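Could you walk me through this model, stop by stop, while I have it open in my viewer? Please say what to select next and what is there.

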Amino acid sequence: MLKKFLPNEHVKTIFDIHPALLKKKGINGIITDLDNTLVAWDVKDATPEVIQWFEQMKEQDIKVTIISNNKQERVKIFSEPLDTPFVFSARKPLSQAFKSAAKEMRLKKGEIVVIGDQLLTDVLGGNFAGFHTILVVPIVQTDGKITRINRKIERRILSYMNKKGKISWEE
């Protein structure tokens, strides 16, 4: 069961995820978390770097969908200027939002990666739904109340996985 918490890959930021490398792996779609993955949880709009990253994906015909447990207003304000589909109140780690996003993209599971900063929501949900998962380091070290609880649990899981030799990165 604990292996469902392990991502397939780990990177520092989304900017370490390049469209050409995704294409080489047969990836044509990204399901990404929003808060602390694309921007800090308290930042309303996409930064110029994030906008450029989305443009690079679009240029390579890689579809991107944002899924977030946050409310509609938060996700809509961020996603609409990027002309990017989104799912709000996703109830991650439940797999329905992931499957719904994949269906909307009209892509197979093997063509999609899930990117996020949390083991308990993004990685676990992506793994349960059968996708390739990429964990990114959270953009900022502050979080909302529920996420702070998740982070404590995540640290214990990561510590255990590190002791067992299941992970090879430092957080």
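Select Ser68 to begin: its side chain reaches the backbone nitrogen of Asn70 at 2.9 Å. You are in a predicted model, where local features need pLDDT of at least 70, side-chain atom pairs count only at pLDDT 80 or more, and totals for chains, interfaces and linings use all residues. Residues are numbered from 1 along each chain as its sequence is written, and side-chain values use heavy atoms, with hydrogens and water left out.

Ser68 sits in the loop between strand E3 (63-67) and helix H3 (72-79); helices (H or I, at least four residues) and strands (E, at least two) are DSSP runs, numbered from the N terminus. With 2% relative accessibility, Ser68 is buried (under 20% relative accessible area, 1.4 Å probe, protein chains only). Beyond its neighbours within four places in sequence, Ser68 is in contact with residues including Leu34, Phe88 and Lys92 (contact means heavy atoms within 4.5 Å).

Next, select Lys92, in the loop between strand E4 (86-87) and helix H4 (96-105). Lys92 is buried too, at 7% relative accessible area. Show Asp33 as well: the two side chains make a polar contact at 2.8 Å (a pair of N or O atoms within 3.5 Å; within protein, one must be able to donate a hydrogen and the other to accept it, and residues adjacent in sequence count only if both atoms are side-chain atoms).

Now switch to cartoon view. Here 6 strands form an open sheet, parallel in pairing, ordered E1-E6-E5-E2-E3-E4 (strands pair if DSSP finds at least two bridges between them). E1 (9-11) and E4 are at the edges with a single partner strand each, so one side of each has no neighbour in the sheet.

Key. Buried < 20%, exposed > 50% of the residue type's maximum accessible area, 1.4 Å probe, protein only.
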